[in-house]
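Please look through the structure shown here together with the briefing that follows.

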Amino acid sequence: MRYIEMGSTGNRASIIGQGTWKMGEDSTRRRQEIDAIRTGIEAGMTLIDTAEMYADGGAERVVADAIADCRDDVFVVSKVWPTNASYDDTLRAAQGSLARLNREYIDLYLLHWPSSKAPVEETMRAMRTLIADGLIRSVGVSNFSVELMQQAQEALGDTPLTANQLPFHLRRRVIEKEILPYTQQSRVTVMAYSPLGHGDFPEPGSPERQLLDEIAGRYNATAQQIALSWVVSRAGVVAIPKASSLEHVRENAAAADIQLTPDEVRQIDERFPLPEEEYKVRWLG
Ligand code: NAP
């Protein structure tokens, strides 16, 4: 596993971590989900992404059980939902997440989406209070444009904006146009969500898949591992695939050790071109 600094905090996290969306929804799958997260941690994927919104707090409870004996050895990211983005509600939401996670602090706390009601400045003011109170260790955002990141950073003052969690996979490269150059220059880590396309992955036999399979053959790997390796080939980007199958978990961790050559990265870039359109902001809440 490779580890990189999150933003400019000095704290390191695994370059490939674990998503938890859809976990905690069904009690019959709970054991499997806990085992998956634990297997990932054992394989070095200590970066764990969750949110109060996932299964209404259920995913955070699954994470709590999975990390019960290694709470201080993992880097936990959670998120406040935009309907809770006012100053008071953000403080309350963080307390709720901490109680469900059974932890004294959150390593990185994000605003999940831009809020149509609470101004960014207000949520970031709450984030500063949470940092001052020691309840969170760093602050980030998710689904934010460059302009909104700049507003967040201005409101945070001398507290650095640590991360922006964004969709980034082979078929969704729009963040590379404007957002990634900005985050790289400002030392904001991009957390690539849905790095395997959330099910939208090139079909076996398609020309896109053939290229991935061909490269995968050289590394005794799968096409999905090559896709993850490509995501984290970008500077300042970590990936958070979600896997509940133990085989997938192990493959995802091993993908961090695949170092694609510049020529392989170029071939993949050409096969999955940048879109015409720019990143569009969606406001929720
Ligand atoms: P994803 O990670 O791109 O895809 C998950 C799917 O890929 C699951 O069906 C999983 O199957 C499968 N998979 C995982 N590893 C695999 C492998 N090695 N080979 C083949 N298939 C594999 O999609 P995602 O869940 O949308 O995104 C990941 C995480 O990002 C989420 O869980 C969440 O934490 C975060 N996220 C954040 C936002 C946001 O707004 N901030 C939005 C979406 C997602 P199994 O489960 O059966 O193993």
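T46 is found in the loop between helix 1 and strand 3, where helices (H or I, at least four residues) and strands (E, at least two) are DSSP runs, numbered from the N terminus. This is a predicted model, in which local features need pLDDT of at least 70 and side-chain atom pairs count only at pLDDT 80 or more, while totals for chains, interfaces and linings use all residues. Residues are numbered from 1 along each chain as its sequence is written, and side-chain values use heavy atoms, with hydrogens and water left out.

**T46 and its surroundings**

- With a relative accessible area of 13%, T46 is buried; buried means under 20% relative accessible area, exposed over 50%, and partly exposed in between, for a 1.4 Å probe and protein chains only.
- Leaving aside residues up to four places away in sequence, T46 touches Y3, S14, I41, D73, V74 and F75, where contact means heavy atoms within 4.5 Å.

**Helix 2 and E60**

- Seven of the nine residues of helix 2 (residues 58-66) are buried, so this helix is largely enclosed by the rest of the structure.
- The buried residues of helix 2 are G58, A59, E60, V62, V63, A64 and A66, and they pack against helix 1 (30-42), strand 3 (47-49), strand 4 (75-80) and helix 3 (87-101).
- E60, which has its place in helix 2, is buried with a relative accessible area of 0%.
- The side chains of E60 and S97 are joined by a polar contact of 2.7 Å; a polar contact is a pair of N or O atoms within 3.5 Å, and within protein one must be able to donate a hydrogen and the other to accept it, while residues adjacent in sequence count only if both atoms are side-chain atoms.
- Not counting residues up to four places away in sequence, E60 touches T50, A51, E52, S78, S97, R100 and L101.

**Helix 7 against helix 8**

- Helix 7 (residues 207-219) and helix 8 (residues 223-231) pack at an angle of about 90 degrees, with their axes 8 Å apart; axes are lines fitted to C-alpha atoms, for helices over the stretch in contact, and angles run from 0 to 180 degrees between N-to-C directions.
- Helix 7 and helix 8 are therefore roughly perpendicular to each other, a term used for angles of 65 to 115 degrees.
- On the side of helix 7 the contact is made by R209, L212, D213, I215, A216 and Y219, and on the side of helix 8 by A223, Q224 and I226.

**Two loop residues with a positive phi**

- Most residues other than glycine have a negative phi, and most peptide bonds are trans.
- A55, in the loop between strand 3 and helix 2, has a positive phi of about 50 degrees although it is not a glycine, and with a relative accessible area of 23% A55 is partly exposed.
- H198, in the loop between strand 8 and helix 7, has a positive phi near 50 degrees, and H198 is exposed with a relative accessible area of 52%.

**The ligand**

- Of the 27 residues around the ligand, those that come nearest are D49, S194, H198, S244 and H248; a residue is near a molecule or strand if one of its heavy atoms lies within 4 Å of it.
- An N or O atom in the side chain of S194 is 2.8 Å from an oxygen atom of the ligand, and an N or O atom in the side chain of Q165 is 3.0 Å from a nitrogen atom of the ligand.
- A polar side-chain atom of N252 lies 2.8 Å from a nitrogen atom of the ligand.

Definitions and conventions:
Parallel < 35°, antiparallel > 145°, perpendicular 65-115°, else oblique.
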